[in-house]
Amino acid sequence: MSELIDKEQCGSNYEVNELFETTTNYDESSLQNTTGDHTTQTGGDKNTKTVLLSQTADALNHTNKMGNKKVVCEDPLMVSPSTKDGKPSEIRETWTNKVEFILACIGNVVGLGNMWRFPYLCYKSGGGAFLVPYFIMLIVCGIPLLYMELAVGQYTRQGPIGAMHKISPFFKGTGLATVVMSFLLSTYYNVIIAWALYYLINSFMDPLPWESCNNDWNSEQCWNGSKINSSQVTEEKNQISAPQEFYDNRLLQMTSGIDNFGTMRWELLACLAVAWVLVYFCLWKGIKSSGKVVYVTATLPYLFIGAFIVRALTLPGSELGLLYFFSPKWETLLEAKVWVNAAAQNFNSIGIAFGSLMAFSSYNRFDNRLMRDTLIISITDAVTCILAGICVFGTLGNLAYEQGKTVDEVVSSGPGLVFVAYPAALSKMPFPQVWSVIFFAMLLCLGIDSQFATVEVIITSIKDAYGRWIRLHLKRHEILVLLVCFVSFICGLPNVMQGGIYFFTLIDYYAAAISLMYIAFFEVIAIVWVYGANRLARNVRDMTGELPNFYIRGCWMVAAPCLIMAIWIFSLADYEAPTYNKGQYIFPGWSIGMGWAISSLSLLAIPILAVIAVVKAKGNNIIQKFKSAVRSPIRECPCCGKTLNKQHEAHHGTAANNADNEICMEQLTSD
């Protein structure tokens, strides 16, 4: 056989049941090594390649004859079509099964924010009444935009940068901005995992080190719930809880401000290194390894949350916290900020414009059904938020009861909740070591899922852009993952110095909070208005055989862009410079400027790449160049390479009558 084996020869669902070889006359540099069960070997002549396709265990029974070789069909859509110049393009990895993809997405969207952000927002935004705007925003904005991102990634078979370039080269910068934001996020998010590791190790001590005020790091104002570590009575407003002093003086050993970074916290450095090693081994074999990891990291937290809910509901005073969490304040629904908080929570929790979901869906089968995945992911995230709220406020109610305070005085958000308020509550429980180990193991699982999903965005984007160079020079995927993890580790070192908490607060505020809505707005504009919501809908029909319903398309075209713009404008109007410790520390002006410089790394990517796209575009004048830069370059089906018709379809509509597409039609409908 003198031609490269492709899906037209094999029919639908092909796979080879025995080793066989074909010779090709392609240039040596054009035939690329492939992954999974496909390997290449060099023959006697330098221009000859021997393609070996090995038997797989789960081959289907459907067989065809090809010459004298027996072909067993399995997965046609893993095979990448040849390019126009006759050279075979690279085969893209796919998830082993649908469960791995869904668990990876759930692991990404269900993270630390569910534990420390949603309960606090719910409390501050009207208690139980907040659930009304939250679920409305989920239905109007969250679910449609999640569906949109999954569809774009699956159709284009690319990460954020490559996908947005295919959507519109003019808006390629939105993809780059997403990757830059993900890189910045990866450098400090893993620091939280390092803190969780530090607490997890200390949870095996008896007594727990944050229980008492008799340690070297405690001050005269330390209070453990029963006494003040001072010879004189101290006013209550000057008391500092033992868990707070453990966090400030033992874990962080924080300095007086960002202008005094102090020295390296070597214990935290070691924990950060371990955290990055964990992330590396989650990703080192690509989605084949991460797809197995999520079976543990995405499911285990629910066992822990279930155990904590049962325990929290049986604690004295838990009803005080639940009352604060669920008591509706209906008048708050008239406040615009409550609705903005609801929409922002959906964006942050589901991960719209973070790029992870787009990267994950790019490894799907081309004919994967999207709506069911979207509903499973979004509903799981919403239910987890509510379960986390019950868990958190039940525990905070007990903490308020034990300290003789109101829930208002002990409630907190962010690191202050999981590393101060929760340890204080854990120390009051029977068998506190056991509950501390369970809690911080849960944080570790929640964090590691989100972290390796963030790093996967970077790796996927690099492979999409420089895949050939990586294969020629780095040779192995493992080396690329190692380099990305190492660079992110080095960039995160300022966060584990004694003054690192100030830098952490600054980069957390400016790297994502400022940039997210800006990036999301231009991403949605590019996809639903420039590329076209109707065109994307037809792309979905090309993949799944069904158009998205009118409601989804309406939300794409009208509701989502308007809501994102409203949130963006409101957040800019409501902007306040970040502070630390509830306003007790004010950042100096130069550090605020540094924060905006960090934010600009992603913000400026969109206009800069837009200008570059126009300059490089074909055309005799600026208007022609602009039109060319805005227009999508997609002309062929990413599944089979067939030319799209005027409706931008290859497998359905009028294209379905084309005899050349019969094989693709059979492949897309035989699942």
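This is a predicted model: local features need pLDDT of at least 70, side-chain atom pairs count only at pLDDT 80 or more; totals for chains, interfaces and linings use all residues.
Residues are numbered from 1 along each chain as its sequence is written, and side-chain values use heavy atoms, with hydrogens and water left out.

For the overall picture, we've got 26 helices and nine strands; those are DSSP runs, H or I of at least four residues for helices and E of at least two for strands, numbered from the N terminus. Of the 671 residues, 56% are buried, meaning under 20% relative accessible area with a 1.4 Å probe, protein chains only.

Now, the site. The unreviewed UniProt entry has a "binding site" annotation on Gly-107, Val-110, Asn-114, Ser-349, Leu-446, Asp-449 and Ser-450. These residues spread over 344 residues of sequence, yet they cluster in space, with a largest C-alpha distance of 13.2 Å. Bear in mind that such annotations may be inferred rather than shown by experiment.

Let's pick two. Val-110 sits in the loop between helix 2 (98-109) and helix 3 (112-116), and it counts as buried because its relative accessibility is 5%. Leu-446 belongs to helix 18, residues 432-474, and is buried too, at 3%.

So what does Val-110 touch, not counting residues up to four places away in sequence? Tyr-302, Asp-381, Thr-384, Leu-446 and Ser-450. Leu-446, leaving aside neighbours within four places, has contacts including Gly-107, Val-110, Met-115 and Tyr-189.

Terms used:
Buried means under 20% relative accessible area, exposed over 50%, partly exposed in between (1.4 Å probe, protein chains only). Contact means heavy atoms within 4.5 Å.
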